Amino acid sequence: MQLLNAREKVFRPQGNSLLEEIPSLSLSPSRDREVDGILNFRPKKMFLCDPGGPLCLCGKCFSEQVHHKDTKKHKGRRQKIDTRIVSRDLSFCVFTLIAGLLILSASCSNRGTQNPQLTTETREVTDEAGRRVRLPLKIERIVSLAPNLTEIVYAVGAGDRLVGRTKYCDYPPEVKNVRDVGDTMTPSIERIIAQKPQLVLVSTASQLEAFTKQLDQQQIAVYVTDPRSLDDVFRSITTLGDLLGTHDQAEKAVNDLRRRADAITASVSTTKPVKVFYQVSDEPLYTIGRESYLTDLVRRAGGVSVTAEVPTAFPRFSDEAALAARPEAIILPTGGSMGTANSTVAAALKNSPAVLSNRVYKINEDHLQRPGPRLVDGLEELARTLHPEVFK
């Protein structure tokens, strides 16, 4: 409509104006006038026009916009000229209209074929590794590269959007129907890209180096979680619920988990803390350190980790240091998806008070080493193990 209005402004005939017949009527764009971005065409050479019209279009009078007075010698040829001028005017107008419609059609066609990724609304957020990440406002396709994150996605009600997961992601059971993209540390980039995710979830920044650059090149967002305490796990659940548009379900899940966790902490609050060695693996010997969420979990369960002040989250521990720690209880996370791995006490701990008093406890690894919703199950099992007298 704008194009048609512009054409009307530029090409509409002015009353009964007539031009004198000339060898060839040529039009050229005016260099001093534009209307709606369309050049205003005018005759290069025009002579006498009908003085009865509102505007004389002869060469002398066009710019002055006054009527030419000498019209007598043109009266006899007026009808013939009028037919020619109307024909030329009409042809030119039709040509211009068709050209305009073709341009408009091409513009609409290009708009319809734009890359949807370029037109998707986005937002910028900060992940738990302090990275600025740009995400779509609505996320429909997710790849999870850690079992705990897979469990969180289902807990907040977005499991139907999961299109890729690691081979270790086995809970809830329906996740086995989701495409396997490899293990947590060396996933298949080709498989990830093939799923066309809008978001890839990663647990801890240590997973990033191998593949983040390749995913960035594909404009696939990577969001990192890195919880250092049970409260951080709760925050991760809430945040992912917000990112995925399931705030209410995430909030409800966190409220239920927090209520259970607070009940356990209150139950063991008056007990004497038990000195605990948490064995992540026996050969080589790894344990939990100051930055691990498990150190916080042991405290909440009525224990105190003998390695609570060791730097990093999961440090390697020397045999000498293990022997000197003299723990009263040893926790072996085993079973679950790990099978029988880590089911034997490390040699350096064979003569510890924990072994001598038969206080070596095996707890489902999936409930302890996956910082997600089932971590509260692990807290409850740990508290009952360390303080069975409270839960009789």
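## A buried serine

S236 is buried, with a relative accessible area of 2%. The cut-off for buried is under 20%. This comes from a predicted model.

S236 sits in helix α7, which spans residues 230-243. Leaving aside residues up to four places away in sequence, S236 touches E128, T225 and P227.

Strand β3 covers residues 122-126 and strand β4 covers residues 132-136. The two run antiparallel and are joined by five bridges. One of the pairings involves R123, whose bridge partner in β4 is L135.

Together β3 and β4 form a hairpin, with five residues between the strands. In the turn, G130 has a positive phi of about 80 degrees.

## Packing of α8 and α13

How do the axes of helix α8 and helix α13 cross? Helix α8 takes in residues 247-267, and helix α13 takes in residues 375-386. Their axes come within 10 Å and cross at roughly 15 degrees. Angles under 35 degrees count as roughly parallel. The two helices, α8 and α13, are therefore roughly parallel to each other. The crossing of α8 past α13 is left-handed.

Which residues of α8 and α13 meet? From α8 come L257, R260, A261 and I264. From α13 come V376, D377, L379, E380 and A383. The residues of this contact divide into six nonpolar, three charged and no polar.

Key. Residues numbered from 1 in each chain as written. Predicted model: local features only at pLDDT ≥ 70, side-chain atom pairs only at ≥ 80, totals over all residues. Heavy atoms only, no water. Axes fitted to C-alpha atoms, helices over the stretch in contact; angles between N-to-C directions. Helix = DSSP H or I, 4+ residues; strand = E, 2+ residues; numbered from the N terminus. Parallel < 35°, antiparallel > 145°, perpendicular 65-115°, else oblique. Left-handed = near helix turned anticlockwise from the far one by under 90°. Contact = heavy atoms within 4.5 Å. Nonpolar A, V, L, I, M, F, W, Y, C, P; charged D, E, K, R; others polar. Pairing = 2+ DSSP bridges. Buried < 20%, exposed > 50% of the residue type's maximum accessible area, 1.4 Å probe, protein only.
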